[in-house]
Amino acid sequence: MKSGAVVFFAAFLALSASWAGFVLAPQIQIGREVQTKSLGSGDLYPLAAPGLAQQGAAVFRSEGCVYCHSQQVGQEGARVEIVLTDAGTNAAAVEALIAKLNLKPANVEAAGPAVKEITEAGGKANIEVFALGPDISRGWGSRRSVAHDYLYDHPVLPGTRRVGPDLANVGLRLPDANWQLLHLYAPASVVAGSTMPAYRYLFETRKIGNAPSPDALNLPEGHAPPPGYEVVPTQNAKALAAYLVSLRAEAPLFEAPVTPPPAAVVSTNAPEATAQ
Amino acid sequence: MNHDPKSNAPDNTSNAEPAVSMTTLPVWILTVMLVLLFLGAWHFDLKGGWFDSKVYGPYTSLHEVELMQPPSGDMDLFALGMKVYNKPTCVACHQSHGKGTPGQFPPLVGVDWVLEPDPGRLIRIVLGGLQGPMEVQGQQYNNAMVPWKDVLSDLEVAAVLTYIRQEWGNNAPDVTPEQVKAVREKTKDRMQPWTAPELLKISPAD
């Protein structure tokens with residue numbers, strides 16, 4: 001071959017350019033991300049998932065859930081709103097002021113002067129930031145997904161297809177592990193018209209012994225086992241349910257700013273919903 | 001081609017070995033490539049965020065992300081204050097109902113110390129702590145409150161004071177982080193807890 005060296009170096013250059021673009025640059029960009037503070041509360045984010053949920057991630061992966069469920073929320077824009085929280089004693093003046101102010105600011109800084117004027121007129125107003133986009137309006141999240149959301153995922157399973165709904169925040173929407181178990185055993189029993197396959201092999205149908213198991217599913221008519229039998233989740237089913245309940249990517253972050261939800265009311269010692 | 005089959009001359013149209021040769025790139029291709037390269041680089045400069053790990057779509061630069069940060073100073077002080085109060089910090093002694101512990105820790109509900117329009121004394125108590133005895137609503141209390149200046153930030157002190165001034169039927173104006181910052185600066189050399197007589201000598205607005 002006459003130009004062997006040229007072909008070799010051209011191929012080498014092409015491969016190293018793509019390696020630099022697909023491996024090296026992302027590594028430099030987000031390879032050293034660590035826990036960060038969420039906006040507002042300053043709580044650390046993300047937190048490692050509980051042990052059972054980590055086992056559930058492996059079940060999620062092996063059952064191929066990712067072929068139908070993505071875990072990534074998209075965002076196509078953001079909106080800044082000036083929210084009047086208190087009209088004050090001179091409501092008429094505040095109302096007149098609002099009528100002539102620009103209440104569609106492009107960003108938070110642009111909203112500042114309007115809020116200042118409202119405050120000077122005796123009212124109280126907050127600046128709130130909302131994310132926009134089809135995924136957000138479907139209720140799949142309050143903001144887009146960013147690299148921090150996947151910090152403790154090995155491997156990251158963002159998914160490419162959405163035969164079913166996105167699961168990035170499923171733990172917020174459906175925080176009840178028992179609901180998740182029912183749904184895994186018989187999707188149609190809780191979601192009419194669901195096309196999800198039933199994962200019956202994650203459960204054991206067995207004869208009731210001396211006493212019914214506390215774990216037994218409380219199945220509705222038509223899905224219940226024959227009398228004298230009970231449906232009990234296996235360890236894999238419990239882990240998968242714990243994993244689904246643990247999925248929540250709602251903390252507002254610097255790189256995906258949204259107004260934090262109002263502070264939670266006094267925390268109690270009551271345990272959160274967990275897989276039985 | 002009219003090639004004579006008897007001729008031994010090499011046929012350079014059909015049987016010749018193809019060979020690679022260096023040819024000059026036409027100028028117009030070069031121009032198009034350079035224009036595309038320029039447009040690509042220009043687009044990246046405008047929209048790419050320069051590989052910053054803090055820039056994600058729909059934002060195109062770090063500056064844009066900074067402009068969209070929800071204001072923390074104007075955030076709901078009351079809501080944050082409720083969180084701080086129950087962290088547990090204040091709630092341990094003053095209780096979630098704000099009425100304190102009879103005979104030991106004074107109440108916060110309807111107390112002049114809490115409701116003073118200017119919060120100077122109140123900020124000093126939270127930052128520096130307080131040593132009894134003191135009288136609150138006709139009751140004598142002789143106990144100690146720990147200083148919180150190393151634990152709570154200006155924002156958190158402002159939030160928790162706003163909370164106790166507006167919860168349980170209390171109705172006094174917000175305390176701002178700037179006020180807390182100013183008092184923290186003024187009292188940074190103070191190491192002992194405050195006492196009631198000392199605080200009464202200070203103007204609340206100071």
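The model is predicted: local features need pLDDT of at least 70, side-chain atom pairs count only at pLDDT 80 or more, and totals for chains, interfaces and linings use all residues. Residues are numbered from 1 along each chain as its sequence is written, chains are lettered from A in the order in which they are written, and side-chain values use heavy atoms, without hydrogens and water.

**Fold of chain B**

Chain B holds nine helices and five strands. These are DSSP runs, numbered from the N terminus: helices are H or I with at least four residues, strands are E with at least two. Along the sequence the pattern reads α-α-α-α-α-α-β-β-β-β-α-α-β-α.

Three strands of chain B make an open sheet, in the order 4-1-5, with mixed pairing. Strand 4 (144-145) and strand 5 (194-195) of chain B are at the edges; each has a single partner strand, so one side of each lacks a neighbour in the sheet. Two strands pair if DSSP finds at least two bridges between them. Strand 1 (residues 130-131) and strand 4 of chain B run antiparallel and are joined by two bridges. In one of the pairings, B:Gln131 has B:Ala144 in strand 4 as its bridge partner.

**Totals**

| Item | Value |
|---|---|
| Accessible surface, chain B | about 12,700 Å² |
| Nonpolar surface patch, chain B | about 890 Å² |
| Area buried between chain A and chain B | about 2,600 Å² |

Accessible areas come from the Shrake-Rupley method with a 1.4 Å probe; for residues, only the protein chains shown count as cover. Buried area is the accessible area (1.4 Å probe) that two parts lose on being put together, summed over both. Carbon and sulfur atoms hold 60% of the chain B surface.

Of the 206 residues in chain B, 37% are buried. Buried means under 20% relative accessible area, exposed over 50%, partly exposed in between (1.4 Å probe, protein chains only).

**Surface patch**

Members of the nonpolar patch include B:Trp28, B:Leu36 and B:Trp42. Patch residues have over 30% relative accessible area and no salt bridge; like charges are joined within 9 Å, nonpolar side chains (Val, Leu, Ile, Met, Phe, Trp, Tyr) within 5 Å. B:Leu36 lies in helix 1 (residues 27-47) of chain B. B:Leu36 counts as exposed because its relative accessibility is 55%.

**Contact with chain A**

The contact takes 35 residues from chain A and 24 residues from chain B. Contact means heavy atoms within 4.5 Å. Carbon and sulfur atoms carry 63% of the buried area. One salt bridge is counted between the chains. A:Glu255 forms a salt bridge with B:Lys54, with the closest N and O atoms 3.8 Å apart. A salt bridge puts a side-chain nitrogen of Lys or Arg within 4 Å of a carboxyl oxygen of Asp or Glu.
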